Amino acid sequence: MAEVATLSASLRDRTGTGGARAVRRDGKVPGVIYGEAQEPVSIVIDRRVLDTERSRPGFFNRLVDIQIDGKKHRVLPREVQLHPVTDASLHVDLMRANDETRVTVEVPVHFVNESAAPGIKRGGVLNIVRHEIEFICSADNIPPFIEVDLEGLDIGDSVHISMVKLPAGIRPTIAERDFTVASIAAPTAQKIEAQEAAAAAAAAAAAPVVAEGAAPAAGAAAPAAGAKPAAGAKPAGGEKKK
């Protein structure tokens, strides 16, 4: 199980809009702890502490211990209301959780071994269908991410959820079909054009350049007999005497 962070909080005496505004003016965030058939508890948390914890990846998938007057409440963050301009926390909802609590969470997907995928080596494009997958699991067994291995995949191949190795004790909420997580698509027309342009530029750079006035290369064809000199050019043999 992952490390559980501990945040200090205090009970909130005043509830309602007026009480919440007063709390926010003091640099704190009102919140509520609910669940497990117990009475909700209104709390106050320091805004800087909450925002620091919220900035860490996977905030809504990590258990947190809220310490109030020496008593710890193990919770799972469920929702944070944010200021529309500053993104500062305005209110937080925390659900009580233990090892028997089943929760529905969205877990990010990480893709590995792209360099070992023949389709990507050939210019194919990784088409990610699901950046996150919704799972049902126990609150103390939420994985930080799901890993999808791309090794051996060619253009046209797809990765379905049945092909992904999942941690024990979790299952996707979509159970009625083997949904697609990602696929290797053919290169786009724009990418093909860019590749062709790069190849043409490389060929042009490799071609020999003949300096102005240089003699033709050995084997080059001589000028055709009787050909007229270019405009302004002098006839061979010098200028005719008057």
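**Exercise 1. In this predicted model, which kind of interaction do the side chains of R62 and E53 meet in, and are the two residues buried or exposed?**

*Solution.* Start with the charged atoms. The N-to-O distance between the R62 and E53 side chains is 2.8 Å, and the pair is a salt bridge.

Next, check accessibility. R62 has a relative accessible area of 13%, so it falls under the 20% cut-off and counts as buried. E53 comes out at 8%, so it is buried too.

Finally, place R62 in the fold: it sits in the loop that runs between helix 2 (47–54) and strand 5 (64–68). Skipping neighbours within four places in sequence, its contacts are E53, R56, P57, V75, L76 and P77.

**Exercise 2. Which residues do salt bridges that share partners join into one network?**

*Solution.* Go through the bridges one at a time; the count comes to 6.

- D65 and R74 meet through their side chains at 2.9 Å, N to O.
- Now look for shared partners: E53, R56 and R62 are joined into one network.
- Within it, E53 bridges to R56, with the closest N and O atoms 2.9 Å apart. R56 has 40% relative accessibility, so it counts as partly exposed.

As a bit of background, side chains of opposite charge can pair when their charged atoms come close.

**Exercise 3. In which sense does strand 6 pair with strand 5 and with strand 7, and how many residues lie between the strands of each hairpin?**

*Solution.* Take strand 5 first. Strand 5 and strand 6 (residues 71–82) run antiparallel, paired over 5 bridges. To get your bearings, find I66, which stands opposite H73 in strand 6. These strands make a hairpin with 2 residues between them, and D69 in the turn has a positive phi of about 50 degrees.

Then move on to strand 7 (residues 89–96). Its pairing with strand 6 is antiparallel as well, over 7 bridges. L76 stands opposite M95 in strand 7, and L76 is also one of the contacts of R62. This hairpin has 6 residues between its strands, with D87 in the turn at a positive phi of about 65 degrees.

Key: Residues are numbered from 1 along each chain as its sequence is written. This is a predicted model: local features need pLDDT of at least 70, side-chain atom pairs count only at pLDDT 80 or more; totals for chains, interfaces and linings use all residues. Side-chain values use heavy atoms; hydrogens and water are left out. Helices (H or I, at least four residues) and strands (E, at least two) are DSSP runs, numbered from the N terminus. Buried means under 20% relative accessible area, exposed over 50%, partly exposed in between (1.4 Å probe, protein chains only). Contact means heavy atoms within 4.5 Å. A salt bridge is a side-chain nitrogen of Lys or Arg within 4 Å of a carboxyl oxygen of Asp or Glu. Two strands pair if DSSP finds at least two bridges between them.
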